[in-house]
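Dear colleague,

Please find the structure below, handed over for your use.

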Amino acid sequence: MDQPVRELSYAEAIREAMAIALERDERVVVMGEDIGVYGGAFQVTGDLIERFGPDRIIDTPISELGGAGIAVGAAVTGLRPIFEFQFSDFATLAMEQIVNQAAKMRFMLGGSVSVPVVMRFPAGSGTGAAAQHSQSLEAWFGHVPGLKVVQPTTPEDAKGLLLAALEDPDPVMIFEHKLLYKTRGPVPEGAYTTPIGKAEIRRKGRDVTVVATGVMVSRALEAANELAAEGIEVEVIDLRTVRPIDTPAIVESVIRTHRLCIVHEAVKTLGIGAEISARIAESEAFDYLDAPIVRLGGAETPIPYNPDLEKAAVPQVPGIVAALRDLATGRR
Amino acid sequence: MGREDKAMVKKAEAATGADNRPFLFRRHDAGTIREAYRKMLLIRAFEEGAENAYMRGLVHGTMHLSIGQEASAVGVGLALRDDDQITSTHRGHGHSIAKGAEVKRMFAEFFGKETGYCRGRGGSMHIADVSKGNLGANGIVGGGIPIAVGAALSARRLGNGKVVVCFFGDGANNEGAFHEALNMAAIWKLPVVFVCENNGYGMSTSQARATASATIAERAGAYAMPGRTIDGNDLSAVAEATEDAVSRARNGEGPSLIELKTYRWRGHSKSDRNRYRTKEEIDHWMTENDPVKRIEADLVAFGILDEAGLDAVRASVAEEIEAGIAFAKESPSPDPADLERFVYTEGA
């Protein structure tokens with residue numbers, strides 16, 4: 001990339017992407033609860049209201065179903081709405097419009113419309129917000145043909161994937177982990193896109209492949225650094241897109257490392273890890289496996305309030321280190 | 001009005017020079033009125049044709065027929081410009097026809113054919129014709145209501161002067177989507193008209209058992225918009241109320257709610273064994289309050305068509321329906337190799 005690069009937080013990078021889109025395309029509007037003068041529950045929209053005014057930075061009432069549906073209707077008729085859910089958990093109130101309408105409209109209407117709506121979902125645990133404000137529901141959306149689902153993990157990708165989502169004619173759901181909002185990283189200035197549907201190798205390694213999503217990417221990288229000291233070289237793949245999954249990238253890596261671990265925060269059962277495991281089992285990489293595939297995921301429980309329990313409910317670095325060590329050294 | 005009353009009105013007009021005819025006949029020329037009547041007949045004949053095709057095993061799935069509700073679809077359509085938009089319901093065949101859809105492509109969709117409005121992917125419950133402003137029927141009760149408000153947000157933001165009509169039934173007025181969407185349409189003063197076709201029953205549950213308020217129109221009060229209850233089988237009254245609401249919307253004065261009282265002659269869908277209403281009730285609506293017979297009487301009374309003229313329209317409608325069914329039957333089915341087409345936008 002040619003643009004100058006500076007350091008921004010993940011939240012600032014998303015805001016910058018929205019500002020670029022609002023600046024260059026009159027059709028773009030941002031809608032959501034308390035995204036105006038309040039700046040959004042996580043201060044992602046921030047000062048956009050001052051720069052673009054209330055006609056384009058639209059505070060909605062607390063009406064997730066209606067608000068999401070209005071965004072869908074506006075997308076079908078010529079706008080490019082970005083709809084922010086205050087917490088991804090509140091998408092449960094709007095599933096009708098997302099799953100029955102946005103995802104299916106193009107198909108049901110035989111291709112006569114597109115639904116270029118972008119929805120943003122602050123997701124995940126670790127903030128002490130308990131069971132109804134901490135879920136990781138991205139796999140639900142990944143199960144619906146018609147939707148695209150991304151999970152950026154760096155400020156650079158948060159900006160690039162949002163701009164890619166806005167250029168995409170189909171509905172794109174962006175899951176943003178709340179613990180990432182304040183993390184900082186290099187972000188190119190100006191407009192650029194990060195491709196939807198492409199995983200990214202964050203660390204090369206010969207001994208074991210870890211596919212991680214969301215905040216688990218940084219935990220997997222931390223684990224990889226610890227294991228490097230023991231002579232175990234871990235390859236870390238940031239999945240980035242949940243639907244469509246970049247199967248070739250994972251297959252290629254597993255063929256080199258012969259070992260696969262998947263780490264995500266969402267509940268393990270029927271999760272993204274299960275899907276990736278199955279894809280590897282069905283692929284040419286299966287013959288290269290030297291050990292059973294390992295899945296690390298959220299516990300079979302709602303997210304608890306107590307901080308120790310909350311930590312115990314989702315994978316943490318020591319658990320990832322132990323699982324990878326066992327996997328790489330043939331102890332499982 | 002009975003026929004004699006109408007004759008007296010005409011005489012009185014001749015004496016005073018005042019035009020006391022119903023709104024429809026004052027507002028629209030004879031050609032437009034004849035076309036509206038033809039659309040009502042076309043809706044009824046389409047529904048009868050669809051039902052017949054189903055009985056003969058030519059189509060699978062289900063259908064929701066709007067026989068008895070023709071005046072509401074056509075009366076609303078009379079108040080709209082070609083580029084105005086609508087969202088429709090599972091009982092949406094009439095809305096499509098009123099908004100200018102061709103019956104042959106509707107039959108083709110109903111038959112699941114590639115030449116249908118949705119290339120056979122949607123079926124009866126998803127017929128849309130975006131080129132005519134019909135954003136589509138909807139299989140989810142209340143599902144189209146927020147979408148209509150979103151279309152109205154687009155219209156305002158893009159400054160294209162369009163008005164959106166949102167059709168829904170009495171059953172939908174108890175969905176959360178109805179309340180959320182009406183509230184937002186009102187706080188943002190969007191150019192949308194909410195048209196409730198109240199046929200008395202949400203599937204088997206009567207309005208009295210399902211809705212706390214005596215009318216659906218009075219729910220408008222909670223959202224600070226005008227709400228009116230209209231005889232939905234009176235084409236002229238529907239056209240007049242809709243025109244008022246549409247001009248209000250187009251002038252930037254915000255949304256309105258119109259409740260059109262009507263009745264569906266057939267069951268909810270093909271599974272309906274009709275255990276929740278009496279034969280007397282159905283017969284009453286069919287014999288005493290048939291919207292088609294009512295407009296026919298007016299057409300004759302006000303000299304728009306005579307009996308021979310009515311017959312000619314009936315014959316031309318029957319011909320169009322027959323040709324439409326033939327077109328649907330002869331059309332190709334989608335190729336199973338194209339199963340995944342249209343899930344995503346090609347080339348994206």
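**Contacts between the two chains**

Between chain A and chain B the count is 2 salt bridges, a salt bridge being a side-chain nitrogen of Lys or Arg within 4 Å of a carboxyl oxygen of Asp or Glu. Please note that this is a predicted model, in which local features need pLDDT of at least 70 and side-chain atom pairs count only at pLDDT 80 or more, while totals for chains, interfaces and linings use all residues. Residues are numbered from 1 along each chain as its sequence is written, chains are lettered from A and ligands numbered from 1 in the order in which they are written, and side-chain values use heavy atoms, with hydrogens and water left out.

One salt bridge joins Arg106(A) to Glu346(B), with the closest N and O atoms 2.8 Å apart. Across the interface of chain A and chain B, 16 residue pairs (both at pLDDT 80 or more) are in polar contact. A polar contact is a pair of N or O atoms within 3.5 Å; within protein, one must be able to donate a hydrogen and the other to accept it, and residues adjacent in sequence count only if both atoms are side-chain atoms.

The elements giving two or more residues to the side of chain A that touches chain B are strands S2 (28–32) and S3 (57–59) and helices H3 (64–76), H4 (95–102) and H5 (105–108) of chain A. Helices (H or I, at least four residues) and strands (E, at least two) are DSSP runs, numbered from the N terminus. H3(A) gives the most to this side, with 10 residues.

In total, 45 residues of chain A are in contact (heavy atoms within 4.5 Å) with 37 residues of chain B.

**Two residues to look at**

Glu96(A) is found in helix H4 of chain A. The side chains of Glu96(A) and Gln101(A) are joined by a polar contact of 2.8 Å. Among the residues that Glu96(A) touches are Ile140(B) and Gly143(B).

Ala101(B) lies in the loop between helix H5 (93–98) and helix H6 (103–110) of chain B. Ala101(B) is buried, with a relative accessible area of 10%.

Yours sincerely

Note on methods. Buried < 20%, exposed > 50% of the residue type's maximum accessible area, 1.4 Å probe, protein only. Lists of a residue's contacts leave out its neighbours within four places in sequence.
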